[in-house]
Amino acid sequence: MARRIDLPPFPDSWYRVAASDAVSAGTLMAVRAFGRDFACYRGRNSGEAHVLDAYCAHLGANIAVGGFVEDDNIVCPFHHWRYDGSGRNVLIPYRDQPNRTARLGCLPTLERNGQILVWYSESGSKPTWEPPALTELDGDGYVVVESDTWIIRSHVQEIFENTVDISHFQYVHGVPGFGAVELVEDGPMFRSVASVTMNTPRGQVEGAIESELWGLGIDVVRQRGIGDGRVMFTITPVEDTVLRAQYIFVLRRDPETGGPDRYGAGLMREFSRQIIQDIPIWENKIFRPAPKLATGESAIIEYRRWAEQFYSYAAVN
């Protein structure tokens, strides 16, 4: 049989590599993504985060394993060759001059919503857009909570297709009912608003799930009709059909506990329950480039057409 998911593995997009507060000034961490090893660090003086190829241009030592940060540079543990945030060799400690041809690959890096994001493009294209800032993070009324991390054997396009596959909410997640899907497309942004009937402690409530995709790495989700809170669902390809997924919850703060309010705590439980239900399906399904759809499922085709823009280096059926 052909590949289970016959899609290029790494679409051009912004992807999360770490929480901002996980990489403090002067610290270094190893990151595996896009089938490659990277060193993510934050300069001691500038405070800027950088993501560079991990392997030294000299003799190939992995700088993310045993390397360290000096001022705003990263230092190889093998011979202490030093590289700046652009990946340029700036010092060889036992020679008078650096090697001007020695460079490490450097991913465009952006910090947004408390996360370190990188732009990855297989063809080397530069980013032409940025994901939005969440206004909730500007005030003191919200708290940010990160979920567990899930490793999923699938593809980012397959995962995010769930946002427009409205009928699965009933048959996989037990939502009592579902209605229509409204779509808004604006370049790298794709918003779907799916009408659903939700079970709550007050009984069944008519509401909607709003999903706002920014490329194929970030989904900003909000439940309409029952509470106040946002969820960033981030997916980063690790290898071909191996993904790292995580929720970042932005929830109303309970003034007494300092943690999420009652609605937020329930939202976290529900999202975690649903992804656990989805994973076995994602990991065992195939990608059908020409699916036989039911009446009312045209949103799936619209989503796939929108997603094609992120494959700049290969044709997608």
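How many aromatic pairs does the count come to?

1. The count comes to 19 aromatic pairs. Note that this is a predicted model.

2. One of the pairs joins Phe10 and Phe34, edge-to-face, with 6.1 Å centre to centre and 80° between the planes. Phe10 sits in the segment before strand E1 (13-19), and Phe34 in the loop between strand E2 (28-33) and strand E3 (36-42), so the pair ties together parts 24 residues apart in sequence. Phe10 and Phe34 are both buried.

3. Trp119 and Trp129 also pair. Their ring centres are 5.9 Å apart and their planes lie at 85°, so this pair is edge-to-face. Trp119 belongs to strand E11 (residues 115-120) and Trp129 to the loop between E11 and E12, so parts 10 residues apart in sequence are tied together. Trp119 is buried at 5% relative accessible area. Trp129, at 12% relative accessibility, counts as buried because the cut-off is under 20%.

4. Ring pairs place Trp119 and Trp129 in a cluster with Trp14, Phe190, Trp214, Tyr303, Trp306 and Phe310.

5. Now helix H3 (residues 262-284). Its 23 residues should span 33 Å at 1.5 Å a residue; the end C-alpha atoms are 35 Å apart, which agrees. H3 bends by about 30° at Asp278. A proline, Pro280, follows within four residues.

6. Which residues of H3 are buried? Among them are Tyr263, Gly264, Leu267, Met268, Phe271, Gln274, Ile275 and Asp278. Ile279, Trp282 and Glu283 are buried too. In an α-helix, residues three or four places apart point the same way, because there are 3.6 residues a turn. The cover over the buried residues of H3 includes helices H1 (156-160) and H2 (168-171). It also includes strands E12 (142-152), E16 (218-224), E17 (229-239) and E18 (242-252).

Technical notes
Residues are numbered from 1 along each chain as its sequence is written. This is a predicted model: local features need pLDDT of at least 70, side-chain atom pairs count only at pLDDT 80 or more; totals for chains, interfaces and linings use all residues. Side-chain values use heavy atoms; hydrogens and water are left out. Helices (H or I, at least four residues) and strands (E, at least two) are DSSP runs, numbered from the N terminus. The expected span of a helix is 1.5 Å times one less than its number of residues. The bend at a residue is the angle between axes fitted to the seven residues ending there and the seven starting there. Buried means under 20% relative accessible area, exposed over 50%, partly exposed in between (1.4 Å probe, protein chains only). Contact means heavy atoms within 4.5 Å. Rings of Phe, Tyr and Trp (its six-membered ring) pair if their centres lie within 6.5 Å; planes under 30 degrees apart count as stacked, over 60 as edge-to-face and the rest as tilted.
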